[in-house]
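The exercises that follow are meant to be worked with the sequence and the coordinates side by side. Please try each task before reading its solution.

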Amino acid sequence: MTPAAITARKLQTADARRVDLLAAAQEQFALQGYWGTPTTDIAKAAGISQAYLFRLFGTKRELFIACVERCMGSVREAFERAGAPHAGDTDAVLDAMGDTYAQLLSDRTMLLAQLQSYAACGDPEIRAAVQEHYGRLVDMVRRVSGADDERVSSFFATGLLLTVVAAMGAHELDADWARALLAGKHEQSGC
């Protein structure tokens, strides 16, 4: 095998390992948060050594930020796919994106990973990454839907409410306070 072929194979292996590592890290961070997750747990879950984890991502912070990018990027891509067929119809675009988000909320890892990304914003570098990727999501919703700022704000406010409701399982409760939170949200939440 030529040196170029060996290098190409190593890069493919590293890229594949990165994907596996990000999936394992997102699960671990979702459960334990940034500060509560030891890199040894992540490496074990990914089936790699801790040394290899740090070869793929120089620091725990870099790995967490890559997980933030992965999580928010998947939401952004799902929203864009959902809204594209309805271009030009603001209500239809936002409804399709809302339905998509309701489906995404059933992925407990994605749900908790989002919440953990906000919780980790005490770290300035993580906060900057969360702001950047959340901003990209807002900009994409505004661009694809054509909605004005008030509608975009309302869309995201509803989404964050549904995120909290799903995280605590309030949509499964037979309680007045839970019903009050979801009043008028059933179409968007799938609850």
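Ring pairs join Phe79, Tyr101, Tyr118, Tyr134, Phe155 and Phe156 into a cluster, where rings of Phe, Tyr and Trp (its six-membered ring) pair if their centres lie within 6.5 Å. The model is a predicted one, in which local features need pLDDT of at least 70 and side-chain atom pairs count only at pLDDT 80 or more, while totals for chains, interfaces and linings use all residues. Residues are numbered from 1 along each chain as its sequence is written, and side-chain values use heavy atoms, with hydrogens and water left out.

**Exercise 1. Classify the ring pair of Phe79 and Phe155.**

Solution. A search of the whole structure finds nine aromatic pairs. In the pair of Phe79 and Phe155, the ring centres are 5.8 Å apart and the planes stand at 70°, so the pair is edge-to-face, given that planes under 30 degrees apart count as stacked, over 60 as edge-to-face and the rest as tilted. The pair links distant parts of the chain, since Phe79 belongs to helix 4 (residues 60-83) and Phe155 to helix 8, 76 residues apart; helices here are DSSP runs (H or I, at least four residues), numbered from the N terminus. Both Phe79 and Phe155 are buried, meaning under 20% relative accessible area with a 1.4 Å probe and protein chains only, whereas over 50% is exposed and the range in between partly exposed.

**Exercise 2. Describe how helix 7 packs against helix 8.**

Solution. Two packed helices are described by the angle between their axes and the distance between the axes. The axes of helix 7 (residues 124-145) and helix 8 come within 10 Å and cross at roughly 125°, with axes taken as lines fitted to C-alpha atoms over the stretch in contact and angles running from 0 to 180 degrees between N-to-C directions. That makes helix 7 oblique to helix 8, because angles under 35 degrees count as roughly parallel, over 145 as roughly antiparallel, 65 to 115 as roughly perpendicular and the rest as oblique.

Methods
Helix = DSSP H or I, 4+ residues; strand = E, 2+ residues; numbered from the N terminus.
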